Amino acid sequence: MTNKQLAETFVFMKEEALPLRYKPLAGESTAMRNRSRKDLADTIHYEEGKDYIVDYEEGTIRRANGSRIPDGSLHPMYGVSEFDHNRYSDFSNQAYTVYLDYSTESVTEDRSLTTEDIERSGLLRRLVGKLEAGEEAVYVVYGDSISTGGEASEEGLAYFGRIRDTLLSLYKEGRIRIVNKAIGGEDTSGGVRRVASDVVPLNADLVSIGYGMNDQNKQADGHTTTLEDFEKNLRFMIDTIRNAGDSDILLVTPCEPNPNWQHTSGKTALYADVIRRLGDEYGIGVLDAHATWAAELAAGKTHESLLLNNINHPNDYGHWIYSKALSPMLKKR
């Protein structure tokens with residue numbers, strides 16, 4: 001069976017080859033451009049064989065000599081360790097990021113998720129009840145800048161927009177209204193201060209809580225939030241929402257930041273472990289983006305190819321990596 005891998009992202013350094021996430025099918029067309037969506041007026045479309053070379057046997061791709069594709073090695077932070085992004089006028093990877101569609105026999109996403117899987121999991125009872133009744137469900141997105149949709153090119157391509165669209169593809173009579181209450185730069189201490197005023201009054205059918213990226217930050221005096229305080233803060237948010245009503249809750253683990261950023265602690269996995277443990281303890285869902293992100297890195301994706309701001313914000317493909325954690329979460333029970 002042929003599947004399509006859509007808008008996979010790459011930042012090429014010189015003419016060095018990068019692995020494709022999945023084995024490409026020879027004889028099938030590829031399409032590369034400088035935007036996630038191919039229908040935008042300012043989209044630049046690149047030509048295979050002229051701008052980029054695909055090795056179908058090795059499953060790799062690279063810039064061609066004389067390519068129109070920007071060279072990521074010209075980024076001012078290329079090769080810089082422990083960089084302070086505040087010292088650069090433009091630290092983004094946007095100008096160097098390209099998007100590729102190609103055919104593969106691999107399963108690029110789990111298309112077999114069913115309403116039975118969702119209902120069997122028991123994780124989205126209130127939300128599903130609304131959707132099955134053809135009513136509007138309210139989904140409150142809570143967390144840090146990643147949950148604001150940070151670096152996604154549009155709401156529908158942010159992880160929460162993709163989750164909404166996945167659910168509505170299964171419950172076609174329902175509607176989901178997203179209310180975004182995330183704040184950029186916030187850690188769990190800010191989430192604790194706001195949850196009673198910003199989340200509880202909305203009486204949401206679903207609340208996702210996405211913290212950890214800013215909590216893990218390395219500062220001169222230690223991490224922004226200790227693991228102990230991180231757990232305590234998440235417990236407070238969960239308990240506050242639960243004590244106020246029966247909203248479904250999803251906890252979201254963070255992706256890995258650029259290891260060359262000066263505030264990367266190298267401890268993100270430990271914060272993700274806290275989130276997983278609380279999900280098990282409370283019996284609530286964990287959208288384990290950290291696990292799906294780690295799988296991408298293990299397969300050869302680079303941090304630059306996944307982080308549009310080159311620090312800690314996923315690009316459109318990175319938000320897809322977040323959203324594809326939905327299926328294993330719902331099918332594991």
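Is Asn214 counted as buried or exposed at 10% relative accessibility? At that value Asn214 counts as buried, where buried means under 20% relative accessible area, exposed over 50% and partly exposed in between, with a 1.4 Å probe and protein chains only. The views below come from a predicted model, in which local features need pLDDT of at least 70 and side-chain atom pairs count only at pLDDT 80 or more, while totals for chains, interfaces and linings use all residues. Residues are numbered from 1 along each chain as its sequence is written, and side-chain values use heavy atoms, with hydrogens and water left out.

View A. Asn214 is placed in the loop between strand 10 (206-210) and strand 11 (218-219); helices (H or I, at least four residues) and strands (E, at least two) are DSSP runs, numbered from the N terminus. Not counting residues up to four places away in sequence, Asn214 touches Asp144, Gly185, Glu186, Asp187, Thr224 and Asn312, a contact being heavy atoms within 4.5 Å.

**View B. The largest nonpolar core, with Tyr159 among its members.** A nonpolar core is a set of buried Ala, Val, Leu, Ile, Met, Phe, Trp, Tyr and Cys residues joined through side-chain atoms within 4.5 Å. The largest such core holds 53 residues, of which Met32, Ile61, Leu124 and Tyr159 touch the most other members. With residues up to four places away in sequence set aside, Tyr159 touches Tyr139, Val141, Ile146, Ser147, Ser208, Val252, Leu287, His319, Tyr322 and Ser323.

**View C. The buried residues of helix 4 (residues 188-198).** Thr188, Gly190, Gly191, Arg194 and Val195 are the buried residues in this helix. Seen down the axis of helix 4, these buried residues fall within an arc of 135 degrees, so they line one face of the helix; the arc is that of the directions from the helix axis to the C-beta atoms. Among the elements that cover the buried residues of helix 4 are strand 8 (136-143) and helix 5 (227-244).

**View D. Val199, in the loop between helix 4 and strand 10.** With a relative accessible area of 2%, Val199 is buried. Leaving out residues up to four places away in sequence, Val199 touches Val140, Tyr142, Arg194, Val207 and Ile241. Val199 and Val140 are 59 residues apart along the chain, and their C-alpha atoms are separated by 7.3 Å.

**View E. The crossing of helix 5 and helix 6 (residues 268-282).** Two packed helices are described by the angle between their axes and the distance between the axes. The axes of helix 5 and helix 6 come within 10 Å and cross at roughly 35 degrees; axes are lines fitted to C-alpha atoms, for helices over the stretch in contact, and angles run from 0 to 180 degrees between N-to-C directions. Helix 5 passes helix 6 in a right-handed crossing, a crossing being right-handed if the near helix is turned clockwise from the far one by less than a right angle, and left-handed if anticlockwise. Helix 5 contributes Leu227, Phe230, Glu231, Leu234, Arg235, Ile238, Asp239 and Arg242 to the contact, and helix 6 contributes Leu270, Tyr271, Val274, Ile275, Arg277, Leu278, Glu281 and Tyr282. The residues of this contact divide into ten nonpolar, no polar and six charged, where Ala, Val, Leu, Ile, Met, Phe, Trp, Tyr, Cys and Pro count as nonpolar, Asp, Glu, Lys and Arg as charged, and the others, Gly among them, as polar.

**View F. His75 and Asn310, in contact with each other.** His75 is placed in the loop between strand 6 (60-63) and strand 7 (97-104), and is buried with a relative accessible area of 6%. Apart from neighbours within four places in sequence, His75 is in contact with Asp90, Phe91, Ser92, Asn93, Tyr96 and Asn310. Asn310 lies in the loop between helix 8 (303-306) and helix 9 (316-323), and is buried with a relative accessible area of 4%. Phi of Asn310 is near 70 degrees, a positive value in a residue other than glycine.

**View G. Lys130 in helix 2 (residues 125-132).** Lys130 is partly exposed, with a relative accessible area of 23%. Residues up to four places away in sequence aside, Lys130 touches Glu135, Glu136, Ala137 and Asp205.
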